[in-house]
Amino acid sequence: EIINLANIILKRILPNSKITLHINSLGTRENLKNYKKVLSNFFSENKSFLSSESLDKINSNPLRILDSKNKQDKDVINKSPKILDFLSKEALSDYEKIKKSLIDLNIPIYEDPTLVRGLDYYCNTVFEFKTNEIGSQDTLIGGGRYNGLIKTLGGKDIPGVGWAGGIERIMILMKNISTSDKAVHLAILDPGYKIHAIKV
């Protein structure tokens, strides 16, 4: 639903821009912990091919290397282990359901195994809406699931989802905004009608 919301907003305010939804799954915290170890070992074995900027991240946060914009790092990143190979059956099943729902909603997806959303509180599905119209700072909206974030901030252990938009980047691309539409909220009471209700 939140991915669909982001898609609707971007289509409405940027009707002439080419925007692509990139999506990936980080799995559970345990999946991610195991993956980070393997990734750290892989980058250590290939450190002679990495940029100095990425070398600093091998032990502290190897996920951030996957985000590197440095051309020197690209070959190593392409050969690195992929997170989907480390997901539990349940995490993989959840990810497949989300992808199917997006396809049912006619939202094209690009599976990006290097998409990690580097902040530590992310888990499971992560996504970014990207454009090729504004250079290397190409993410307009990014988000995903972050179970554990509220507890980290001192609250209850409640799972969460959400996204944030790069306002300045979106403004660069904006042409016209229509504000004549009326807002309607639809509450879904029966999960069996979820996809139909989202389409409506």
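**View 1. Salt bridges of the predicted model.** The structure holds 6 salt bridges, a salt bridge being a side-chain nitrogen of Lys or Arg within 4 Å of a carboxyl oxygen of Asp or Glu. The model is predicted, with local features needing pLDDT of at least 70 and side-chain atom pairs counting only at pLDDT 80 or more, while totals for chains, interfaces and linings use all residues. Residues are numbered from 1 along each chain as its sequence is written, and side-chain values use heavy atoms, with hydrogens and water left out.

**View 2. The salt bridge between Lys 99 and Glu 111.** The closest N and O atoms of Lys 99 and Glu 111 are 3.1 Å apart. Lys 99 belongs to helix H6 (residues 89-104) and Glu 111 to strand E2 (residues 109-111), so the pair ties together parts that are 12 residues apart in sequence. Helices (H or I, at least four residues) and strands (E, at least two) are DSSP runs, numbered from the N terminus. Lys 99 counts as buried at 10% relative accessibility, whereas Glu 111 is partly exposed, at 36%. Buried means under 20% relative accessible area, exposed over 50%, and partly exposed in between (1.4 Å probe, protein chains only). Glu 96 is linked with Lys 99 and Glu 111 in a network of salt bridges.

**View 3. Salt bridges of Lys 130 with Glu 128 and Asp 138.** Between Glu 128 and Lys 130, the closest N and O atoms are 3.1 Å apart. For Asp 138 and Lys 130 that separation is 3.4 Å. Glu 128 is buried, with 7% relative accessibility; Lys 130 is buried at 12%, and Asp 138 is buried at 18%.

**View 4. The largest pocket, with a volume of about 810 Å³.** A pocket is an open set of points on a 1 Å grid over the protein atoms alone, where a 1.4 Å probe fits, with protein on both sides within 12 Å along at least five of seven lines; lining residues have an atom within 4 Å of a point. Grid points are joined across faces, edges and corners, and the volume is the space filled by probe spheres set on the points. Of the 24 lining residues, Asn 4, Leu 5, Ile 8, Val 184 and Ile 198 are the closest to the centre of the largest pocket.

**View 5. Make-up of the lining of the largest pocket.** Helix H1 (2-13) and helix H9 (194-199) each supply at least two residues of this lining. H1 gives the most, with 7 residues. The lining divides into 12 nonpolar, 5 polar and 7 charged residues.

Methods. Ala, Val, Leu, Ile, Met, Phe, Trp, Tyr, Cys and Pro count as nonpolar, Asp, Glu, Lys and Arg as charged, and the others, Gly among them, as polar.
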